[in-house]
Amino acid sequence: MSVSKQNILNFPEKTNLSVVQIEAINWAELLHSGNAKKVDQVAFEAWLGKDQEHGETYRVVEQWWRDIDYVAATDAGLDQSIESYVVADERGERKSARASLWSMSIKTFAGIAAVLVMGFFLLQGGEVKDALPQERHVSAVGEVKTVELSDGTKVYLAGATTIITRFSGNERGAELVVGQAYFDVAPDKTRPFIVKAGNTLITVVGTEFDIQRSDDDVRVSVVEGRVEVAEESEGATPRHLTAGQQLFAWEEGGLGDVQSFRPETDISWKVGRLEYVNAPLSRVINEVNRYRKNKIILRNKKLEDYPITISLAFDETERLITGLKYAGVATIIQRAGSVVIEEK
């Protein structure tokens, strides 16, 4: 039986979640795994302090996690657990951040949380559907990690990046959950390689390309070969990129214009540097934070598009803060676990 793009890329546990929700779930998995180190705890506390939404989201995830732990430990029925959430929701209980943080139903998220504990299953109507084997690969803050997949494809993960891969006899698939990854895809004309990033699908046979995912967009940059980029919605018209071309796909929908790019700047992270030429400050901070223990928080929207030209090694990111301070465009506030940038 052939496997379609929809099947191989059906990652129900995180498909409909925002970046913040995904990050909260990833933190819960790490902190409950028993493998968290002191540096992870510091990074987690910095993440919590970055935005009020982070703390509210994590509290909800943590509560569900405890409930799911109880269900798993007692072997209680999943349907009964889900029903308790639905009833509580109908009575207006446990509202707080939950109702406003994501629009998906309580029943859907209960299924997702159970998946995290019991393994990867697609739950529909109480039945367990066939699911392809998956592997999850994660890089830590400040780490560049190389992963070789079973088909010979190599994936380079930038700092603080998560991907999930799934393979079948007919197709190969991966999801960029959060962060940035460079794919060197092993050629296989019988099995296209499909990457899902947010609402964007990238399809290749054998090529090299970089994908960066942020809260607002997905950037696809092709180094070798040819790549098809399309929105996930049915009937969407794809765009085709060749070597030296890139485009942005907006999380809210739509594809930007195809444009040229400079690999030596946009993909410099592979060789341990971050290079920017007139890049918006918001993007620079988003990328720099993958290599810092003390996160940088941009408080003022007026500075989001402020142009930055700078070259940094991973251990030189403090120079960005110093440069902004001496340029006189921002007020820098040092806090425990974070650095806040506000308009001067």
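These questions and answers look at how the terms used for this predicted model follow from its values.

The model is predicted, so local features need pLDDT of at least 70 and side-chain atom pairs count only at pLDDT 80 or more, while totals for chains, interfaces and linings use all residues. Residues are numbered from 1 along each chain as its sequence is written, and side-chain values use heavy atoms, with hydrogens and water left out.

Q: How many helices and strands does the chain have, and what makes a run count as one?
A: The chain has ten helices and 20 strands. Both are DSSP runs numbered from the N terminus: helices are H or I with at least four residues, and strands are E with at least two.

Q: Why is H2 called roughly antiparallel to H3?
A: The axes of helix H2 (residues 19-33) and helix H3 (residues 38-50) come within 12 Å and cross at roughly 150 degrees. That crossing makes H2 roughly antiparallel to H3, because angles over 145 degrees count as roughly antiparallel (under 35 is roughly parallel, 65 to 115 roughly perpendicular and the rest oblique). The axes are lines fitted to C-alpha atoms, for helices over the stretch in contact, and angles run from 0 to 180 degrees between N-to-C directions.

Q: Which residues of H2 and H3 meet, and what makes that a contact?
A: Contact means heavy atoms within 4.5 Å. On the H2 side are Val20, Glu23, Ala24, Trp27, Leu30 and Leu31, and they meet Asp40, Gln41, Ala43, Phe44 and Trp47 in H3. By class, the contact of H2 with H3 has eight nonpolar, one polar and two charged residues. Here Ala, Val, Leu, Ile, Met, Phe, Trp, Tyr, Cys and Pro count as nonpolar, Asp, Glu, Lys and Arg as charged, and the others, Gly among them, as polar.

Q: What makes S14 a partner of both S11 and S15?
A: Two strands pair if DSSP finds at least two bridges between them. Strand S11 (residues 217-224) and strand S14 (residues 245-250) run antiparallel and are joined by five bridges, with Val220 opposite Leu247 in S14. S14 also pairs with strand S15 (residues 259-260) in the antiparallel sense, over two bridges. In S15, Ser260 is the bridge partner of Gln245.

Q: Why are S17 and S19 said to stand at the edges of their sheet?
A: The open sheet of three strands has the order S17-S20-S19. S17 and strand S19 (330-335) each have a single partner strand, so one side of each is left without a neighbour in the sheet.

Q: How do you know that the pairing in this sheet is mixed?
A: The sheet S17-S20-S19 has mixed pairing: four bridges join S17 to S20, which run parallel, whereas six bridges join S19 to strand S20 (residues 338-343), which run antiparallel. Val339 in S20 is the bridge partner of Ile296 and also stands opposite Gln334. Ala330 stands opposite Glu343 in S20.

Q: What packs on this sheet, and which strands does it touch?
A: Helix H10 (residues 318-327) packs on the sheet and touches S17, S19 and S20. The direction of H10 makes about 135 degrees with that of S19.

Q: Why does Lys301 count as exposed?
A: Exposed means over 50% relative accessible area, buried under 20%, and partly exposed in between (1.4 Å probe, protein chains only). Lys301 has 66% relative accessibility, so it counts as exposed. This residue lies in the loop between strand S17 (295-298) and strand S18 (307-313). The C-alpha atoms of Lys301 and Glu343 are separated by 8.7 Å, although the two are 42 residues apart along the chain.

Q: What is the phi of Ala160 and of Asn278, and is each residue exposed or partly exposed?
A: Ala160 has a positive phi of about 55 degrees although it is not a glycine. With a relative accessible area of 28%, Ala160 is partly exposed, and it is found in the loop between strand S5 (154-157) and strand S6 (162-167). Asn278 has a positive phi near 50 degrees and is found in strand S16 (residues 273-280). At 56% relative accessibility, Asn278 counts as exposed.

Q: How do you know that H9 is mostly covered?
A: In helix H9 (residues 281-288), six of the eight residues are buried. They are Leu281, Arg283, Val284, Ile285, Glu287 and Val288. Over the chain, buried residues make up 47% of the 344 residues.
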